[in-house]
Amino acid sequence: MASPAIQVCLQTIRDLLVEETIFLYGVSDAVEKVERELNTIHCILMDADKWQDKHKTAILRDWTAQLNELASRAEYVLEKYVVEVTSRRGGNLIEKVKRFSCILGECLTVHQIGEEIEAIRSSMTVLTDKLQVMAPWGSSSSSREDQQHLLRITFKHVVKQHFVGMDRDIESLVSLVKDKSNPMISIYGMGGLGKTTLARKIYHHEDVIRVFGKARAWVCVTQQFQATAILRQILKQLLPDEEKEQISNMEYSELVDKLHDVQMQKKCFVVIDDIWESDHWSILERAFAIEKGQCKVLLTTRYETVGPRECLYKLHCLTKDQGWELLRKIALPRELNTKQSSVLEAIGRQMVQKCGRLPLAITVLGGILREKSTPSEWQKVKEDVDSYLKRGNEKVKQVLDLSYNALPYNLKPCFLYLGCFPEDDEIDAGRLYLLWMADGLIPYEEKGKNETLRDVAERYLSELASRCMVQVQKDEYSSAYNKFTSCRLHDLMHDLCLSKGQEKGFLKLVDLCKQQAKYDSTCVDTASRLAIHYNRDHSDEYFNRRGVVKNLRSLLLVNEGWSNVVLKIGSKGCGTDFNKLKRLRTLALESGEFVLSKEVGKLIHLRYLSLFGSIVVELPLSITNLTYLQTLDLRMMLNFINVSNVIFKMKRLKHLFLNQIQVIGDYGDKLIVNGLEELETLHDESFTSCVRISDIPRLTNLRYLKTDVSGKDELSIIANYMSSENIRLREAHLQISRCDFNSEEPSNNNNNNNNLKNMLISPSLTTLVLSTSFTNFIFPSYQRGMCTNLVNFTLRGRGRTERDDLMEILGQYPTLKKLTLYATIFFNREMRCLATSFPQLKYLTLTELHNLERWVVDKGAMPNLSRLRIYSCDRLEMIPDGLQFITTLQELETYMAKEFNDRLREEVND
């Protein structure tokens, strides 16, 4: 594959040349030579990626692995040199330059770097010559490749014997084909879903034949795209016999004109199956009279981005019942006795789930089970479905391999990294972005204007999703900043990730939570990334008796089931001895109880340190030595972690996550963050912020802020900061507490009300929890431009509104999707939602509104409401009649007195 090791090394060197020029004085020429050499290697490996997929030879893989190691060596030497130079004690930059020769004597010398460069270059030259000799320059495709290409070509007359589900899909697509407003339809989804089979059903459907008659054509594109051959195939199916001869010698432009003319004479229906690239469609599109309504084109593709966006039809996996029905039809053509049938069904349904309900995999598995009729035989297959699928038919692997091989080189390592997570795991998208960035998989040159690396990572995930390599989850209550909340892999895609990652030495997942899971030291020793998932059955001794993987770049240690086992991490002699993990860039110790050694400060290449959901008593003071740390996640579980007030010294820190922090030392009990000029994320989940709020306006690069604002002074600081025109802040998630908004004492509280108003006007405000006691509270009146991005609002406080216009004001917030009202006392004991109010609201919670008696909802209010929850509103007489006009309401939950629930039940029955 196009080596991620090369990508990371190149990125490191480019960063050094840009950011550390002053410390590379005297060696920058040598560094630039390494960059040029690595660029050469990168190009070779990009080509070798294609050869490796087509010519599976152990020699080629071995040479590629050696080139990877050369790149990793170069990165390690150069970065270690710069880190040691920049970390010298005392003096400013100019003094350090003056001490340059002395510094070189203390760490790596220019001579040593030159020797290492020469060794790398010499080794690289030998391997390059070998690769160029082996390269299939100008050679035609092998007979094996031709055979695979022929096997992938689809035909309109081939009809699947067993067809299950998709009835609704057929009905919907036939309707779209007949609809004149949809000239183009694109069926997309991952390989093996049955897109071609579905397209055949549409092609042969009686309603489609009735509309288009014989003016129908089917063509299969595949990755070996030849525009003229495709256009000729289509014309041969649409032209009468006497005109077919004349197209044999036509060039591309003539074929385009001819096909266009044919469509102007009669309505045509064309299926273009298995098209891979948007450029391929752009080349073919010119031949179709789509704008004249004379042609209907149906595409099948694995990519959402191929073809027009107007009419996309995503195909999903079968349901559990449909999957079992397909397996039963293939594997059990004969009727069995009831008892045996029920046993086989139970086993079969488990295998369907293991296949990820993918039709292709189920079909292959059914062919294997067809010759096995006893429960014991089925059970044996179930225990190792993966190997049986591989032995039974290479079709599944070939189909999934095609999707992987077609990925751009920059997306391949990002996809393989997903193998670090267990099967069926919901992977937090924000966490994934930071892990990709820490591993160097997101290149800086990909950033656009005003973009961050996180934006690029989100774009990469979006592209993987559009190629149907991953399944993404969008939070309906999230803001524009978080396009995705999580992602997951189809089970077979997860298997592909692991097999490819292990084959290339990219990663190894050790899932000890699974039964019969074993710690394979041979595979682990060769992996550059290691993820271990364990539970209460694995003791401290289990990990400490394992050898250290010397060239490990990433270590993820996650406890899947809470236990009281305390793991000692990083100490000398233990299985995770930091003195031997010198190349580590990512260290995640999550959901367990750990003792973190002070030796962590020796991991000078570390970019990512996470203790998420864990119990750790103290963060070692030596973390200040982690010069290049980008992400620090200290969101602890249960207990507080003692943290010295030194984080402000970590100048490269970009993402800081906090919760349950006990700040210790001489600088007070609030964490100082002044000086973190590169900080983009400050996520503080503490009930009362553990960060010094007065430092926040000095964080000039901050994009994301989550914190508690307590008291009028902090409110004033944050309000003024958010009102500034020069900030880069995109999202602010705030909880305001201990602030008095009593309208009866305006002289004391007018500033609080003005500050609240300024916050509401800020376009960065995304979430607001207003938690305060008030007696006579006037909420700021709505004005144009207010709350343009406020998605989530909670009003929590035991007090009353002075006027009855609270809901009228909130109802005008244009982007509000989630609203919670808690312990609010309403003026006149009535709450009214006016027509056209709350245009985007989806989730409404009313809790302990003790004086609320009547709630009125006008027709047209809350048109998108899907969830409504009413808790302990003692005097509320009944839900409003206006809810009957809200057709989107899916869930109504009440925790009310029996009388209310009885009235509600009668109302619903009527």
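Buried here means under 20% relative accessible area, with exposed over 50% and partly exposed in between (1.4 Å probe, protein chains only). This is a predicted model, in which local features need pLDDT of at least 70, side-chain atom pairs count only at pLDDT 80 or more, and totals for chains, interfaces and linings use all residues. Residues are numbered from 1 along each chain as its sequence is written, and side-chain values use heavy atoms, leaving out hydrogens and water. Helices (H or I, at least four residues) and strands (E, at least two) are DSSP runs numbered from the N terminus.

**Strand β1**
- All of M184, S186 and Y188 on one side of β1, and I185 and I187 on the other, are buried, so both faces are covered.
- With 5 of its 5 residues buried, β1 (residues 184–188) is largely enclosed by the rest of the structure.
- Strands count as paired if DSSP finds at least two bridges between them.
- β1 runs parallel to β4, joined by 5 bridges, and Y188 stands opposite T301 in β4.
- β1 also runs parallel to β5 (residues 312–314), through 3 bridges, and here S186 faces L312 in β5.

**Helix α13**
- Helix α13 (residues 252–265) has 14 residues and should span 20 Å at 1.5 Å a residue; its end C-alpha atoms lie 21 Å apart, which agrees.
- That expected span is 1.5 Å times one less than the number of residues.
- L255, V256, K258, L259, H260, V262 and Q263 are the buried residues of α13.
- Their cover includes α11 (227–238), α12 (241–244), β3 (268–273) and β4 (295–301), where contact means heavy atoms within 4.5 Å.

**The β6-β8-β7 sheet**
- An open sheet of 3 strands has the order β6-β8-β7, with antiparallel pairing.
- β6 (427–428) and β7 (471–473) are the edge strands, each with a single partner, so one side of each lacks a neighbour in the sheet.
- β6 pairs with β8 (residues 486–488) over 2 bridges, and D428 stands opposite S486 in β8.

**The second largest pocket**
- A pocket is an open set of points on a 1 Å grid over the protein atoms alone, where a 1.4 Å probe fits, with protein on both sides within 12 Å along at least five of seven lines; lining residues have an atom within 4 Å of a point.
- The second largest pocket holds about 1,000 Å³ of space, the volume being that filled by probe spheres set on the points.
- Its lining has 43 residues, and D428, G430, T485, R635 and H683 lie nearest the centre.
- Helix α22 (residues 429–438) gives the largest share of this lining, 4 residues.
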